[in-house]
Amino acid sequence: EQVGALFTRGVLLDVAALKGVPMLAETYEITPQDLQDALKAQKLTLQPGDAVLVHTGWGALWGTDNARYQRVSPGLGTAAAEWLARQDPMLVGADNSAVEITPNPDPQL
């Protein structure tokens, strides 16, 4: 909220469309391969400083089933988050509440 204005190229990685569904299953863990396949399918590349937004379809629940939206969600797995970080984005966002998969399948995280 205190960052101020950001200006950069935005890249939407539509993982739900890649999988042929309007919404990923609530336990779906997005992998680095999913992100790479979405880029390829959309004929895109990532550049340092991009704003990377991940579409899971989960945003459709916002305002219609808030309890489900907050309780669980598909999202980035640790390996996908690490892969994205190596691409040097300005920011990463998603249409779920936590960006990563919730709860994480690894009980140690």
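## Report on a predicted protein chain

Of the 109 residues of the protein chain, 31% count as buried, where buried means under 20% relative accessible area, exposed means over 50% and partly exposed lies in between (1.4 Å probe, protein chains only). The model is predicted: local features need pLDDT of at least 70, side-chain atom pairs count only at pLDDT 80 or more, and totals for chains, interfaces and linings use all residues. Residues are numbered from 1 along each chain as its sequence is written, and side-chain values use heavy atoms, with hydrogens and water left out.

### Overall build

The protein chain has four helices and five strands; helices (H or I, at least four residues) and strands (E, at least two) are DSSP runs, numbered from the N terminus. Their order from the N terminus is β-α-β-α-β-α-β-α-β. The radius of gyration of the protein chain, 14 Å, is close to the 13 Å that the globule rule gives for 109 residues, so the chain is as compact as a globular protein of that length. This radius is taken over C-alpha atoms, and the rule is 2.2 Å times the number of residues to the power 0.38. The C-alpha trace spans about 35 × 35 × 30 Å along its principal axes.

Contact means heavy atoms within 4.5 Å. Among contacts between residues at least 6 apart in sequence, 77% join residues at least 24 apart.

Helix H2 covers residues 32-41, and its buried residues are Asp34, Leu35, Ala38 and Leu39. Seen down the axis of H2, these residues fall within an arc of 135 degrees, so they line one face of the helix. The arc is that of the directions from the helix axis to the C-beta atoms. An α-helix has 3.6 residues a turn, so residues three or four places apart point the same way. On the other side of H2, Lys40 and Ala41 are exposed. The cover over the buried residues of H2 includes strand E1 (10-14), helix H1 (15-18), strand E2 (29-30), strand E4 (75-76) and helix H4 (78-86).

In H4, the buried residues are Ala80, Trp83 and Leu84. Down the axis of H4 they fall within an arc of 100 degrees, so they too line one face of their helix. Ala85 and Arg86 are exposed on the other side of H4. The buried residues of H4 pack against E2, H2, strand E3 (51-55), E4 and E5.

### Backbone details after the helices

Not counting residues up to four places away in sequence, Pro89 touches Gly49, Asp50, Val52 and Leu84. Val52 is 37 residues from Pro89 along the chain, and their C-alpha atoms are separated by 6.7 Å.

In the segment after E5 is Pro103. A cis peptide bond joins Thr102 and Pro103, with omega at about -5 degrees.
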